[in-house]
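Hi,

Here is the structure I said I would pass on. Have a look, and my notes follow below.

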Amino acid sequence: MASSIETSTEVDTGRSVECISVQECHRRKQEGDPIWKHVDVRSPEEYSKGRARDSVNIPYQFKGKVPNPNFLATLQDQFPEGKPLIFSCAHGDPTGRSASAAQEAFEAGFKTIAFVEGGYSAWSKDPDLPKEC
(Lines give C-alpha, C1' and ligand atoms only; values in the text may rest on other atoms or scores of the structure.)
Protein backbone atom coordinates (compact mmCIF):
# COMPACT_ATOMS: atom_id res chain seq x y z
CA MET A 1 0.00 0.00 0.00
CA ALA A 2 1.42 3.38 -1.01
CA SER A 3 1.95 6.00 1.67
CA SER A 4 -0.07 9.21 1.46
CA ILE A 5 2.82 11.18 2.97
CA GLU A 6 4.83 12.93 0.32
CA THR A 7 8.53 13.32 0.69
CA SER A 8 10.06 16.76 0.90
CA THR A 9 11.33 18.44 -2.21
CA GLU A 10 13.97 21.08 -2.66
CA VAL A 11 12.92 24.13 -4.64
CA ASP A 12 15.65 26.38 -6.01
CA THR A 13 14.55 29.71 -4.58
CA GLY A 14 18.09 31.03 -4.17
CA ARG A 15 17.60 30.51 -0.43
CA SER A 16 18.96 28.10 2.14
CA VAL A 17 15.59 26.73 3.18
CA GLU A 18 13.65 23.60 2.29
CA CYS A 19 10.23 23.58 0.63
CA ILE A 20 7.95 20.80 1.91
CA SER A 21 4.40 19.59 1.27
CA VAL A 22 1.58 20.01 3.78
CA GLN A 23 1.69 16.25 4.39
CA GLU A 24 5.42 16.38 5.16
CA CYS A 25 4.82 19.33 7.49
CA HIS A 26 2.25 17.31 9.42
CA ARG A 27 4.56 14.29 9.58
CA ARG A 28 7.48 16.33 10.94
CA LYS A 29 5.25 17.92 13.57
CA GLN A 30 4.17 14.46 14.73
CA GLU A 31 7.13 12.17 14.13
CA GLY A 32 10.19 14.32 13.63
CA ASP A 33 13.29 13.78 15.70
CA PRO A 34 13.31 16.35 17.10
CA ILE A 35 9.72 17.47 16.68
CA TRP A 36 9.48 20.50 14.40
CA LYS A 37 7.52 23.61 15.43
CA HIS A 38 5.06 25.16 12.99
CA VAL A 39 5.05 28.97 12.71
CA ASP A 40 2.14 30.50 10.77
CA VAL A 41 3.27 33.92 9.56
CA ARG A 42 -0.11 35.18 8.33
CA SER A 43 -1.77 38.21 9.91
CA PRO A 44 -3.77 37.67 13.11
CA GLU A 45 -6.96 38.27 11.08
CA GLU A 46 -6.08 35.48 8.62
CA TYR A 47 -4.95 33.15 11.40
CA SER A 48 -8.19 33.60 13.36
CA LYS A 49 -10.25 32.39 10.36
CA GLY A 50 -8.56 28.98 10.30
CA ARG A 51 -5.18 27.38 10.94
CA ALA A 52 -3.24 24.16 11.16
CA ARG A 53 -3.58 22.57 14.58
CA ASP A 54 -0.57 23.16 16.84
CA SER A 55 0.70 26.12 14.84
CA VAL A 56 1.90 29.34 16.47
CA ASN A 57 1.05 32.70 14.95
CA ILE A 58 3.97 35.11 14.57
CA PRO A 59 2.97 37.53 11.80
CA TYR A 60 5.65 38.37 9.28
CA GLN A 61 3.50 41.20 7.97
CA PHE A 62 0.31 42.79 9.21
CA LYS A 63 -2.75 43.71 7.18
CA GLY A 64 -1.78 45.89 4.24
CA LYS A 65 1.66 44.21 3.96
CA VAL A 66 3.04 46.27 6.82
CA PRO A 67 6.19 44.49 8.06
CA ASN A 68 6.20 43.22 11.64
CA PRO A 69 9.20 44.98 13.22
CA ASN A 70 9.18 42.44 16.09
CA PHE A 71 9.11 39.29 13.94
CA LEU A 72 12.67 38.10 14.63
CA ALA A 73 12.66 39.19 18.27
CA THR A 74 9.42 37.27 18.90
CA LEU A 75 10.76 34.22 17.08
CA GLN A 76 13.98 34.30 19.10
CA ASP A 77 12.03 34.72 22.36
CA GLN A 78 9.79 31.73 21.66
CA PHE A 79 12.26 29.28 20.10
CA PRO A 80 15.91 28.43 20.70
CA GLU A 81 18.08 28.81 17.58
CA GLY A 82 18.55 25.05 17.26
CA LYS A 83 14.81 24.31 17.16
CA PRO A 84 13.65 23.04 13.75
CA LEU A 85 11.00 25.41 12.38
CA ILE A 86 8.43 25.14 9.61
CA PHE A 87 6.91 28.37 8.28
CA SER A 88 3.57 28.68 6.52
CA CYS A 89 1.44 31.48 5.12
CA ALA A 90 -1.70 31.65 3.00
CA HIS A 91 -0.39 30.22 -0.29
CA GLY A 92 3.19 29.06 0.28
CA ASP A 93 4.63 30.69 -2.80
CA PRO A 94 8.47 30.47 -3.01
CA THR A 95 8.58 34.29 -3.04
CA GLY A 96 5.84 34.75 -0.44
CA ARG A 97 5.71 35.49 3.27
CA SER A 98 6.60 32.03 4.59
CA ALA A 99 9.62 31.67 2.32
CA SER A 100 10.77 35.21 3.17
CA ALA A 101 10.26 34.61 6.91
CA ALA A 102 12.14 31.31 6.68
CA GLN A 103 15.06 32.98 4.92
CA GLU A 104 15.16 35.79 7.48
CA ALA A 105 15.15 33.24 10.32
CA PHE A 106 17.96 31.31 8.62
CA GLU A 107 20.05 34.46 8.30
CA ALA A 108 19.41 35.22 11.98
CA GLY A 109 20.90 31.89 13.07
CA PHE A 110 18.10 29.31 12.81
CA LYS A 111 19.56 26.55 10.65
CA THR A 112 16.90 23.84 10.34
CA ILE A 113 14.21 25.63 8.39
CA ALA A 114 11.43 24.73 5.96
CA PHE A 115 8.39 26.43 4.47
CA VAL A 116 5.13 24.82 3.37
CA GLU A 117 4.38 24.78 -0.33
CA GLY A 118 0.75 25.76 -0.86
CA GLY A 119 0.41 27.21 2.65
CA TYR A 120 -2.84 27.11 4.59
CA SER A 121 -4.75 27.07 1.30
CA ALA A 122 -3.34 23.59 0.56
CA TRP A 123 -3.60 22.50 4.22
CA SER A 124 -7.30 23.42 4.42
CA LYS A 125 -8.13 21.36 1.31
CA ASP A 126 -6.71 18.12 2.74
CA PRO A 127 -9.43 16.41 4.80
CA ASP A 128 -6.84 14.30 6.66
CA LEU A 129 -4.92 17.24 8.17
CA PRO A 130 -5.99 18.64 11.57
CA LYS A 131 -7.37 22.19 11.59
CA GLU A 132 -8.62 24.71 14.13
CA CYS A 133 -10.93 27.68 13.69
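**Pocket and backbone notes**

The largest pocket comes out at about 180 Å³. This is a predicted model, where local features need pLDDT of at least 70, side-chain atom pairs count only at pLDDT 80 or more, and totals for chains, interfaces and linings use all residues. Residues are numbered from 1 along each chain as its sequence is written, and side-chain values use heavy atoms, with hydrogens and water left out.

On terms: a pocket is an open set of points on a 1 Å grid over the protein atoms alone, where a 1.4 Å probe fits and protein lies on both sides within 12 Å along at least five of seven lines; lining residues have an atom within 4 Å of a point. Volume is the space filled by probe spheres set on the points, which are joined across faces, edges and corners.

The lining is made of Ser43, Glu45, Glu46, Lys49, Gln61, Phe62, Lys63, Gly64, Lys65 and Arg97. Helix H2 (44–48) and strand E5 (61–62) each give two or more residues to it (DSSP runs, helices H or I of at least four residues, strands E of at least two, numbered from the N terminus).

Lys65 from that lining also has a positive phi, about 60°, although it is not a glycine. Lys65 lies in the loop between E5 and strand E6 (66–67) and is exposed at 67% relative accessible area (exposed is over 50%, with a 1.4 Å probe and protein chains only).

Asp54 has a positive phi too, near 70°. Asp54 sits in the loop between strand E3 (51–52) and strand E4 (55–57), exposed at 51%.

Cheers

Terms used
Buried < 20%, exposed > 50% of the residue type's maximum accessible area, 1.4 Å probe, protein only.
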